[in-house]
Amino acid sequence: ACCCRMAAERFAVGELVFVPDPDDAFVLRKVHSCGKGSGTDARLEVTRVDGKGGVEAVRDALAVVEADPLSVDGAEDMVKFTNLTAAALLHNLRVRYARDQMYSCAGSILISVNPFKQLNIYTEKEMQRCKDADVKELQELPPHVYVIAEGAFRGMLVEQKMQAILISGESGAGKTEAAKACVKYIVARSHAASISDGSASQGNAKFIEKCIISANPLLEAFGNAKTVRNSNSSRFGKWVEIQFDASGFISSSKATSYLLEKSRVVEHAQGERTYHVLYQLCKGCSAEELRELHISDASAFKYLERSAKMQVIGIDDVKQWKETVEAMGDFKLQDQEQLFVRRLLSGLLHLGNLRFDAVQLSSQDDGSCVSPSCATTLKSVAAMLGVGEPGLEQALTIKSVGKFPVVQVPQPPEKAAAARDALAKALYGHLFEWLIARINEEMRSNAAAAAAADSKRKIGLLDIFGFEAFAKNSLEQLLIN
C-alpha cells in the first residue's frame with residue numbers, strides 16, 4: 001500500500017507522463033492529481049494533453065513513466081534523452097513518423113520506421129550534403145541512411161579499417177530498401193572518385209558499379225516474395241562485400257546468401273505469394289516461349305494456386321521479367337543458359353502438379369505411381385528437366401536404401417508427394433546458388449585489380465531476416481528466427 005501511494009506521489013500535478021495503453025503501448029498524458037485515495041486505493045489521475053476528454057484514473061501508478069521533454073518534441077538523437085525508456089523511444093518514433101521523418105538515431109545506431117509510401121529523401125542533393133560535410137558536420141546532419149554509408153566509406157578510405165553495416169528488423173520494416181540505398185550511395189561515392197581521378201582504373205570501377213546495381217533485380221526476382229506484411233520481402237539473408245583500391249574505386253564485389261526460404265517454393269501462407277520470378281515467367285514470356293515451356297494457365301499450377309492474387313497492386317510482373325532478363329544479360333548469361341533457367345523454372349512448376357496413386361504390392365508394403373491423369377504433366381516435367389520419364393517416376397516413388405546391396409523400397413503416395421516437393425525445393429535452391437556464383441564471377445572478373453586492392457579497404461553489408469511466426473513453423477523457419 002505504501003509503495004502504491006509513493007508511486008503515485010512521485011509525479012507533480014501538470015507533469016507529462018507516459019501511461020500504459022493496451023493499443024498503443026504507451027500514451028502521453030498530463031498529471032491531474034497524485035496519490036488520491038489511501039492504502040491500496042492510492043492512484044494517479046491524468047488527462048489528455050490536448051485537454052479533450054475527462055479525467056482518467058491510473059490504477060497501476062508503478063507502470064507510469066516520466067516523459068522526457070526531448071521525446072515529447074520528437075528528437076533526432078535519442079541518446080540525448082535524460083531517461084531513455086521504451087515509452088520515450090516509442091513516443092519519439094511516433095511523433096517523428098507523423099511528420100514523415102522515418103529516420104531517428106540512438107548514437108551510431110540508425111532507427112528507421114517503414115513509411116509504406118514514397119518519400120523524396122533519396123536525392124542527389126542529400127548525397128552531396130553528406131559527401132561535402134566535414135567530420136563534425138556529418139555527425140550533426142539529420143539521421144539518414146546516407147550518413148551511415150558516408151561514415152563507412154570514410155572509415156574504409158581514410159582510416160583504412162574494414163567496415164560493416166548491419167541491417168536488421170522485423171519483417172516489413174524496410175531492410176531491403178535500406179540496403180539498396182546504402183549500396184546506391186557507396187556506388188555513387190566510388191563513381192565520383194573515379195571521375196575526379198580519371199585513371200585507367202575508372203573503366204573497371206564503372207563495370208563493377210553496374211554489376212552491383214544490376215544484381216538487385218536479379219536477386220529480388222529469385223529471392224523476394226509477397227508476404228502479408230510486405231510486397232517485396234527478401235526471403236534470404238545476404239552479405240555483400242565491396243572492395244576498394246586506395247583511390248576509393250570499387251575493385252571487386254562478392255555476395256553471399258544465407259538460408260533461402262526454400263519451403264516457400266512449394267508452400268506459402270494464405271494471402272502470400274511464392275517467389276516473384278515464377279509469376280514473371282508465366283506473364284512475361286512471349287507466346288512462343290510459353291508454348292515451348294508448356295505453360296498455358298499459370299493459375300493451374302499447384303505451387304501458385306494458394307497465392308493471394310496472380311496480380312498484386314504495385315507489382316508489374318511483365319515489366320520486372322524484362323528487368324530480370326536484362327540483368328541476366330548484364331551478367332553475361334548466354335541464350336542457352338537463360339533457356340536453361342526458364343526450363344528449370346517451368347519444370348519445377350509442372351512438378352508440383354504431379355499426383356500419385358497407390359499401388360498394391362503382394363510381397364511388400366504398398367507403393368505408388370504417377371496418376372494416369374498426370375501422364376502429360378510427367379512428360380512436361382521430364383522434357384523441361386532433360387530426364388527420362390520412367391527414371392523420374394522411379395526416383396519419386398521408390399527410395400533406395402543402403403549401399404551394398406542397395407534396397408529398393410516402394411513409397412506410398414504421401415511419401416512420393418513429399419519427395420516431389422523436396423526435389424522442387426532442391427532444384428530452386430541450387431538454381432539460386434548457381435545465380436549467386438555467376439554474379440560473383442562477373443564482379444570478380446578483374447582479378448588483377450582485386451589483387452592490387454588493399455584487403456583492409458572493404459565495406460560489408462548484412463541484410464538479414466526479420467523474425468516471423470507462421471501458423472505452421474518448420475525447422476527452416478526456426479533456423480531463420
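**Helix contact and aromatic pairs**

Biologist: Which residues in H10 and H13 meet each other?
Modeller: Keep in mind that this is a predicted model. From H10 you have His276, Val277, Tyr279, Gln280, Leu281, Lys283 and Gly284; they meet Asp317, Val318, Gln320, Trp321 and Thr324 in H13.

Biologist: And by class, what's in the contact of H10 with H13?
Modeller: Five nonpolar residues, five polar and two charged.

Biologist: How do the axes of those two helices cross?
Modeller: At roughly 100°, and the axes of H10 (residues 276-284) and H13 (residues 317-330) come within 8 Å. Anything from 65 to 115 degrees counts as roughly perpendicular, so that's the label for H10 against H13.

Biologist: Switching to aromatics, how many pairs does a search of the whole structure find?
Modeller: Six aromatic pairs. One of them is Phe236 with Phe432, with the ring centres 5.0 Å apart and 70° between the planes, which is edge-to-face.

Biologist: Where do Phe236 and Phe432 lie?
Modeller: Phe236 is in the loop between strand E10 (233-234) and strand E11 (237-244), while Phe432 is in helix H17 (residues 413-443). The pair therefore ties together parts that are 196 residues apart in sequence.

Biologist: Are those two Phe residues, Phe236 and Phe432, buried or exposed?
Modeller: Buried, both of them.

Biologist: Which Tyr residues do ring pairs link into a cluster?
Modeller: Tyr122, Tyr146 and Tyr185.

Terms used: Residues are numbered from 1 along each chain as its sequence is written. This is a predicted model: local features need pLDDT of at least 70, side-chain atom pairs count only at pLDDT 80 or more; totals for chains, interfaces and linings use all residues. Side-chain values use heavy atoms; hydrogens and water are left out. Rings of Phe, Tyr and Trp (its six-membered ring) pair if their centres lie within 6.5 Å; planes under 30 degrees apart count as stacked, over 60 as edge-to-face and the rest as tilted. Helices (H or I, at least four residues) and strands (E, at least two) are DSSP runs, numbered from the N terminus. Buried means under 20% relative accessible area, exposed over 50%, partly exposed in between (1.4 Å probe, protein chains only). Axes are lines fitted to C-alpha atoms, for helices over the stretch in contact, and angles run from 0 to 180 degrees between N-to-C directions. Angles under 35 degrees count as roughly parallel, over 145 as roughly antiparallel, 65 to 115 as roughly perpendicular and the rest as oblique. Contact means heavy atoms within 4.5 Å. Ala, Val, Leu, Ile, Met, Phe, Trp, Tyr, Cys and Pro count as nonpolar, Asp, Glu, Lys and Arg as charged, and the others, Gly among them, as polar.
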